[in-house]
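These notes are meant for a colleague who is opening this model for the first time. Please keep the sequence and the structure in view while going through the numbered points.

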Amino acid sequence: MGMINEGSENNGVMSPSAKALKRGFDILCSALGLVVTSPLFLVVCWLIRREDGGPAIFRQERIGYGGRPFMLYKFRSMTVMSEADGRPALCQKNDNRLTRIGRFLREHHLDELPQLWNVLRGDMSFVGPRPERKYFVDKIMAENSDYALLYQLRPGLFSHATLYNGYTDTMEKMLERLRMDLEYLRDRSLWLDLKIIYLTVMSILTGKKF
């Protein structure tokens, strides 16, 4: 798949009506998604708790719209003591902190499903830059202060950068993701959002590894 270059004439500006449509889409589709996937939620929660007895839902503070923190929700994919030393660490390929069910959830992106609640609440949107922890935001900002421009957007469940750059596990990848996120900020439109959603869903369904 080639890079997306739709809507470059927008220069990062969406009309009030386009923003309202985007938020309406987020509310409608996240509510519908929560209802449709509720049986899957129950099964996944049971499997996670059955494996090690720990909590099924993982909560972590991320930085979002306006640079404000919010609580992001995921299905727990790592051991309860994955960051016992208190030092934030990125998930690596073949990370031994992943539980058996957690590895499956991450490979198939099912661990992200609880973020439908974040979208419904307005913490996130279906499409936008992936939210990061303050620890890593500070490290990125030390390299490129343009990261602050992303505070104009709600973080996204789907991301232009994740689609093409995958998950980030190095500073080099973080800076490349930032470049792509800034490109999305400049070019964003409702059509581009729909295209990113379609390509991401199709990539997941065909087994692409991010």
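1. Of the 210 residues of the chain, 47% count as buried, where buried means under 20% relative accessible area, exposed means over 50%, and partly exposed lies in between, with a 1.4 Å probe and protein chains only. The accessible surface of the chain comes to about 11200 Å², and 59% of this surface belongs to carbon and sulfur atoms; such areas come from the Shrake-Rupley method with a 1.4 Å probe, and for residues only the protein chains shown count as cover.

2. This is a predicted model, in which local features need pLDDT of at least 70 and side-chain atom pairs count only at pLDDT 80 or more, while totals for chains, interfaces and linings use all residues. Residues are numbered from 1 along each chain as its sequence is written, and side-chain values use heavy atoms, with hydrogens and water left out.

3. The mean pLDDT of the chain is 87, and 87% of its residues reach 70 or more, pLDDT being the predictor's confidence in each residue, from 0 to 100. Among the elements, helix H5 (residues 160-165) has the lowest mean pLDDT, 83, whereas H3 has the highest, 98. Over residues 1-11 pLDDT stays under 50, although the model has 32 contacts beyond four places in sequence for them; a contact means heavy atoms within 4.5 Å. Where pLDDT is low, the predicted coordinates should not be read in detail.

4. The secondary structure comes to seven helices and four strands, and from the N terminus on the elements run α-β-β-α-α-β-α-β-α-α-α. Helices (H or I, at least four residues) and strands (E, at least two) are DSSP runs, numbered from the N terminus. Residues 24 or more positions apart account for 72% of the contacts in the chain with a separation of 6 or more.

5. Strand E1 (residues 57-63) and strand E2 (residues 69-75) pair in the antiparallel sense over seven bridges, pairing being assigned if DSSP finds at least two bridges between two strands. Arg59 stands opposite Tyr73 in E2, and in the hairpin of E1 and E2, which has five residues between the strands, Gly66 takes a positive phi near 75°.

6. Is strand E2 enclosed or open? Five of its seven residues are buried, so E2 is largely enclosed by the rest of the structure. Phe75, which has its place in E2, counts as buried at 1% relative accessibility, and, leaving aside residues up to four places away in sequence, Phe75 touches residues including Phe41, Val44, Cys45, Ile48, Leu105 and Leu113. Lys74, also found in strand E2, is buried with a relative accessible area of 10%, and beyond four places in sequence Lys74 touches, among others, Arg106, Asp111, Glu112 and Gln115.

7. The place of His109 is in the loop between helix H2 (100-107) and helix H3 (115-121). Phi of His109 is near 65°, a positive value in a residue other than glycine, and His109 is buried, with a relative accessible area of 12%. Most residues other than glycine have a negative phi.

8. The axes of helix H1 (residues 16-52) and helix H7 (residues 190-205) come within 10 Å and cross at roughly 25°, which makes H1 roughly parallel to H7. The contact is made by Ala18, Leu21, Lys22 and Phe25 of H1 and by Leu190, Asp193, Leu194 and Ile197 of H7. Axes are lines fitted to C-alpha atoms, for helices over the stretch in contact, and angles run from 0 to 180 degrees between N-to-C directions; angles under 35 degrees count as roughly parallel, over 145 as roughly antiparallel, 65 to 115 as roughly perpendicular and the rest as oblique.
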